[in-house]
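Please take a moment with the sequence and the model that follow, and then read on for a guided walk through them.

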Amino acid sequence: MGRVEPEVLEAIEEGLEKAYRGLVRAFRSKRALEVPKVAYEPRRYQYNSSVILDFLRRSFAPEGDKVLAITHVDLFVPRLNFVFGQAECPGRFAIISTCRLRPEFYGNPPDEALFLERCVKEAVHEIGHTLGLRHCSNRRCVMAFSNSIWDTDFKSAELCEACLRELTRYLRVHGKPLP
Ligand SMILES: [Zn+2]
Ligand SMILES: [Zn+2]
């Protein structure tokens, strides 16, 4: 959604399948979406991610695969300065923003590997929510809440044992065989 490099999509596809140990199949949609203008909040120069999730719900058929939108614009939800992403928990739709994942955003030199690693962590995290996973108190677990980029860098791109067990339970009820 908006401007996202193919390298980001590639890294996320790979990272999702790795983190979910092949239990999840990731594939790229051929659909490129515009960032919905109604989500823009001019007083904050940011986009309301709840409004974007609504837009996604209206743009896709009611049933089907989970949808992770990836965008370059900065996201917020009311009462928070910003969010790295947002998702239905559990549910079907999720979004992440690459805006605050670039080292340049914090005045640091560009670092493509670090940037892609952060993109993967946020994607695995939000897809985790769609799979019913809540925030984890293990700060190394990818399901730990990121309040800042330091939290994101501190956590791994992987689910802890407890979250993996939770995921297995969810998939036993809601999962379907992979094609
Ligand atoms: Zn979260
Ligand atoms: Zn965990």
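Most residues other than glycine have a negative phi, and most peptide bonds are trans. In the loop between S5 and S6 one finds proline 90, which is joined to cysteine 89 by a cis peptide bond with an omega of about -15°. As throughout this text, these are features of a predicted model.

Stepping back to the whole, the protein chain has five helices and six strands, which follow one another along the sequence in the pattern α-β-β-α-β-β-β-β-α-α-α. Its radius of gyration is 15 Å, close to the 16 Å that the globule rule gives for 179 residues, so the chain is as compact as a globular protein of that length. The C-alpha atoms fill a box of roughly 45 × 35 × 30 Å along the principal axes, and 34% of the 179 residues count as buried. Among contacts between residues at least 6 apart in sequence, 60% join residues at least 24 apart.

Three of the strands form an open sheet in the order S3-S6-S5, with mixed pairing. S3 and strand S5 (85-87) stand at the edges with a single partner strand each, so one side of each is left without a neighbour in the sheet. From one strand to the next, the twist averages 10°. S3 runs parallel to strand S6 (residues 93-97), to which five bridges join it, and in this pairing valine 67 stands opposite phenylalanine 93. S5 and S6, by contrast, pair in the antiparallel sense over three bridges, and here alanine 87 stands opposite alanine 94. Helix H2 packs on the sheet, touching S3, S5 and S6, and its direction makes about 135° with that of S6.

How many residues of strand S3 (residues 67-71) are buried? Five of its five residues are buried: Val67, Ala69 and Thr71 point one way from the strand, while Leu68 and Ile70 point the other way.

In soluble globular proteins, nonpolar side chains tend to be buried together. Here the largest nonpolar core has 43 residues, and those with the most contacts inside it are Ile12, Ile52, Leu68, Ala69, Cys119, Ala123 and Met143. Among the elements that give two or more residues to this core are helix H1 (6-19), helix H2 (49-59), S3, S6 and helix H5 (161-174), although the largest share, six residues, comes from H3. Leaving aside neighbours within four places in sequence, methionine 143 is in contact with His125, Gly128, Leu133, His135, Cys136, Leu159 and Cys163.

Finally, phenylalanine 154 is found in helix H4 (residues 149-154) and counts as exposed, with 12 C-beta neighbours inside 10 Å.

Notes
Residues numbered from 1 in each chain as written. Chains lettered and ligands numbered in written order. Predicted model: local features only at pLDDT ≥ 70, side-chain atom pairs only at ≥ 80, totals over all residues. Buried ≥ 20, exposed ≤ 12 C-beta atoms within 10 Å, placed from the backbone. Helix = DSSP H or I, 4+ residues; strand = E, 2+ residues; numbered from the N terminus. Pairing = 2+ DSSP bridges. Core = buried A, V, L, I, M, F, W, Y, C linked by C-beta atoms within 7 Å. Contact = placed C-beta atoms within 7 Å. Axes fitted to C-alpha atoms, helices over the stretch in contact; angles between N-to-C directions. Rg over C-alpha atoms; globule rule 2.2 N^0.38 Å.
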